[in-house]
Amino acid sequence: MPARATSRSTRTSTAAPSRKSSTATLRGRRSASARTSAHAVEIPNEGPDNTLRTQICHIFSDAQKSTATQRKLVINLRKIQETCCYAPPVQTKKKKGGRDEELEGFDESQFNEEVARCVVRVLPVKKSETVGDKVIRFLGLFLRHATEKDNAIFHTGEEDESEIPDDTPTTRLTSLILTSMINSLTAKDKTVRFRAAQITAHMINTLGNIDGELFDLIRLTLQKRLKDKEAAVRVQAVLGLGRLADADEDSDDDDGDGQGPGGLLGKLLDIMENDPGAEVRRVVLLNMPFQKDTLPAMLERSRDEDVATRRVFYGKMLPTLSDFRHMSLEKRGMILRYGLRDRDEVCRKSMARVFYERWISSCAAAYDDTPEEERNPDAVIPPNFEGLHELLERIDVTSTGIEEGIAHDAMRAFWEGRPDYREHITFDDDFWRDLDPESAFIVRSLNDYCIESEDDNLLEARIPEASRVAFFLEMHMNNLMEAVRRFAETAVSDATDDEKTLAQEEEADQAFVVEQLLHIALTLDFADEKGRRNIQSIVLTALERPELPEECTKLAVELLRTVCGKRGETEFCRMIWLNCISGVRDYGKDEEEAEQGADESFHSAQSEMGDDNSDTSEERPKTKKLKLSPEDEETKRERDFMIYAKCLHIAQCALENVECAIEGNYEFEMMLNTLIVPSLKQRDIFLRERGLVCLGLCALLSKNLAQENFNLFLHCFLNGEPTFKIVAIEILSDIIITHPTLLAPSQTPEDTQVSAASTVSSQPNPRIKPLTKALIKAFNSEDQHLTLSACTGASKLLLMGLLPHESALAIVKTFILAYFDPETSAKEPIRQALSYFLPAFSHSKYTNARLIAEVAVPVVTKLVMQREDMDEEMDEGVSWTIVAGHLAEWTDGRRVVGATEMGLDGKMATQAIAEVPHIKLAIDILERALKDTCSKDERKPLLTLLTKLSIPSTNPKAINRQDSIQEPAELVEELHQVVTEAVEAKLGHDAVSRNYMAKLEASLTKRLGEVAMDGTSRETSVLESRDGETEVTIRAEKRESVETEATTTTATDADAGESDATEVPEEMSGVEQEQEQEQKTARVLVKQEPVEREPVEEQETVEEEEEEDVDMTLAGMHAEGTIMPISEADEDEEDEDGDTTMTGTEVTVVPVKGPSSRRSVSAKSSTSARSAGSRTAGKGRTAGPRNVAVSISESDIIDSLLESEFSA
């Protein structure tokens, strides 16, 4: 074929070396398997085989077998090189017929060509083959060994041995190999590029120097490989450029080939941050030098999405950092927070080890008393308190030590990993008196660790009793009040900015110390009554001071509640109202009176001695208000604001620590009426917001308040400030969770004339609609904080099932649309909340999965409309395949908790109801797709979603009593009709959807056929008689005794067990129908007594049944003392007096005109049973029914009973 020959003849490498041309030779020697992998590599001209080639090939062949013998092979190859390159050979002895004589006549160029020939053979070897790695390792060992030998030969005693010769046989061999690899780096085959980059990188990291021109060429070529589409090639390029990065920093890069700031180092940093391959980023991180410019980018890898990269950062890179103090304070906190709270446990442990080994050693080394000559760098520095104090200072414990701060996690890991520090550190009285933030946090963290680890011995040894803690708490509380006073004086004085900053820092430090002491006091054992009373007195005194910081106030209220005990809510409420809130108000009045002059005090006292009915408390402010200057008015206004805010804060903290009802509690009722409700009418936004929070807490404690103020909270959300909206939406969700009956349907009685009692009709609750609108409006708000609050509140309500169906549909639809909205990707908190909620909600209950199935089709329709309205430049978001995958997973009933259970056979079985969500979703999809209003753009994602659904082709089995398969069966029949209509309409837009619908139709047809077979087999056989025959129907019912069950199944079980099908009776003439109507029936209850007999088989073959006489039908029934009615009169008496509740077999006797049809009836019954059994067997149903119909004659019954009577 000429065309094929022409195409093959042109497949040569454009990057082949120019000094040799061996294309014609290569074409004849290449195998068919190598045409696709090594077509871009030009193998040197081999020529005829010779001794040199044979020996070198043997060495390379042995090198790829094992790495254990490679050093010996390196020496052998070096000897061959010396023989070929040096004349005479250096330090060799010629032997007759030896290697030297065999290699005589070969020069250096031939040796280099043979080695390069063997190296080129490595290029097509795939990455998974280890022989390629072994050969490359052998090549590196040889080049290093040969370079050292050449340096030793070319150096004389007078020359400097540090200088490396530029022109040696090994350097020429290296240049030849590198040139060949550079040409192969641009090959089309990915395996060739990988091996070429691997060889180049290995040689760069092995050799000490490279030719200058070749160095620039290698750097330029490897930089291009940084953008290779194969990650393995990029990894090898990074390994090679990592060695060149330091040299590149010393020279300016002016080649203009995409060099950014920093040259090669800048490119590596960009690769480390933006490369999609995790392995590439990891290799760059390991090969990046520690510099001031590279450190920030390296620290960013602490949040890499790849777990292995984070493990490398925390386990290998971070410990090698010389001193963590070189990092900024912000970076230290970031590394601690990211490392100790990483999702991976290995990363958390690695970061903890760095903290309590490396970082503490860097701080403790300065306080080590060991002489420098005796110090061991690898030894652990003995524990000292100063080093730990400095470590906490370096991580800014006042910021990281707050609640939920990272300093708590760090110190927890420190105490756990350093038991020597736990035994070394002690706390004496001087330590407690001179507490600073760092030392106070050390005590608090050790106290928390002892409680968590239940180390009571260490806790008793380190933490003093309650009375001593109360003493130190009072002392530091006074220091805090003094620091607050000084800061207030500095703020209004003419002090410098440094003095103000110093005063502010002093106040913050003292407040932090008091907070730690309060945390310690919360964990004390208050069996010490003296200590308990002291702490209670100290806390009450502190709460009366308006200047006490809010965090300290919150902890003080919690401590007061703890001191009062579990049953002391009444006492706690009384102290909060009478001591704390009233004390704060009185303290403000005392300050106001103290500021007044002597004359004002005199007039005030004189007015109090006057009329007792006069309200002096109102007259004094009016008199004062006229005489105050604007500055004094502003000061008074600020003081009143601070006092009011302080009272509200105390009330808020108190409400958060009680569970009693508001009604009947005098203190709380006074607090509500005189403090909380008036605050909502204040002009200041801060006071109104704090009052709204307090009112919401009161609503949680009282259902009546929640009902009365529900509309108020809605009004605050609709018309309030942004902060009001957040608080209002949180209150609304919380009170619904606390009082779920607020959304119960409202019931109205309706009088009726028939009965005096009234019937109750349910109506939708009027609160549901405005609440749903408020949640959706808040979620769609531009404020992310409000959106997150609404998302959190609505998620709780949906997970708890407190919202009605319509509201849940609207909210879930809004959530799903926001989840797939491209704008949500920029809102990380919202995205994270939805990513957790949607799977948890759908997989918690079947009703939730069905709810999402109801909104799936409208969601797809809405998303199609949104994407049509988007501009072309805007991001359309995720693909339809991902959307369909998420919706299919959320509606999969098999993933619901409890959907799969262990069956009696030991296998896992799925409940029948688990398939309902997908079946209903498939019906909705097809119904929507079959409509004329459904566009092509909408039909495509709908059918894509349809192919993701899981609909079994077999009928499910109920695995428990509650599991019913009736609903799935009805839905399957409906789905079959819709699928059939879709297939006939050729609804599929591609072959995949069409094939899926065809298979679905076939599976549903098969499934419905099985259902029809099951229904037919369960029908009861009905036998009709004609031509004056006597028909007796005996139905064997389930009895408790084995004897009765055996009796009812005798002689007819085989025929009846073969068939469940309904027998269709033949049509009777009019005369026969009249005769049938004239016949009368009588019931006789045959009393049975248990007797010992052989067990009766449940089933017999049809052939055996035909041979047996019908008289054996009632064999085994012993009717002792039973009167058999023969005449019609006896029948009537028996009908009137017969007791149908007796245990026995019910027999219906129909008197006829003649007993001439005995055999015909028997034969007919046998034939009907056999035909029905054959039909059922053909369908695979062999189980027999419990109710058996048998046709016998009257004479058979009489003969059987007489025989039984005589035998008895």
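Biologist: What relative accessible area does E634 have?

Modeller: Good place to start! This is a predicted model, in which local features need pLDDT of at least 70, side-chain atom pairs count only at pLDDT 80 or more, and totals for chains, interfaces and linings use all residues. Accessible areas come from the Shrake-Rupley method with a 1.4 Å probe, and for residues only the protein chains shown count as cover. With buried meaning under 20% relative accessible area, exposed over 50% and partly exposed in between, E634 is partly exposed, at 38%.

Biologist: Which residue forms a salt bridge with E634?

Modeller: A salt bridge here is a side-chain nitrogen of Lys or Arg within 4 Å of a carboxyl oxygen of Asp or Glu. Helices are DSSP runs (H or I, at least four residues), strands are runs of E (at least two), and both are numbered from the N terminus. The closest N and O atoms are 2.6 Å apart, and the partner is R637.

Biologist: How many residues apart in sequence are R341 and D409?

Modeller: The side chains of R341 and D409 meet in a salt bridge at 3.0 Å, N to O. R341 lies in the loop between α16 (329–340) and α17 (345–364) and D409 in helix α20 (residues 406–417), so the pair ties together parts whose separation in sequence is 68 residues.

Biologist: Which residues are linked in a network of salt bridges?

Modeller: The salt-bridge count comes to 43. Linked in a network are E482, R485, R486, E489 and E506.

Biologist: Which residues form the negative surface patch?

Modeller: Patch members have over 30% relative accessible area and no salt bridge; like charges are joined within 9 Å, and nonpolar side chains (Val, Leu, Ile, Met, Phe, Trp, Tyr) within 5 Å. Asp and Glu count as negative, Lys and Arg as positive, and His and the chain ends are not counted; a charge is placed at NZ of Lys, CZ of Arg, CG of Asp or CD of Glu. One member, D216, is in helix α10 (residues 212–225) and is partly exposed at 41%. The patch is made of D166, D211, E213 and D216.

Biologist: What is the accessible area of F641, M642 and F686 together?

Modeller: F686 belongs to helix α34 (residues 685–701) and is partly exposed, at 34%. With F641 and M642, F686 forms a nonpolar surface patch of about 240 Å².

Biologist: Which residues does I210 contact, leaving aside neighbours within four places in sequence?

Modeller: I210 is found in the loop between α9 (190–206) and α10 and counts as partly exposed at 24%. With contact meaning heavy atoms within 4.5 Å, the partners of I210 are L178, I204, F215 and I218.

Biologist: How much of the protein chain counts as buried?

Modeller: The chain has 53 helices and 6 strands. Of its 1208 residues, the buried share is 44%.

Definitions and conventions: Residues are numbered from 1 along each chain as its sequence is written. Side-chain values use heavy atoms; hydrogens and water are left out. Buried means under 20% relative accessible area, exposed over 50%, partly exposed in between (1.4 Å probe, protein chains only).
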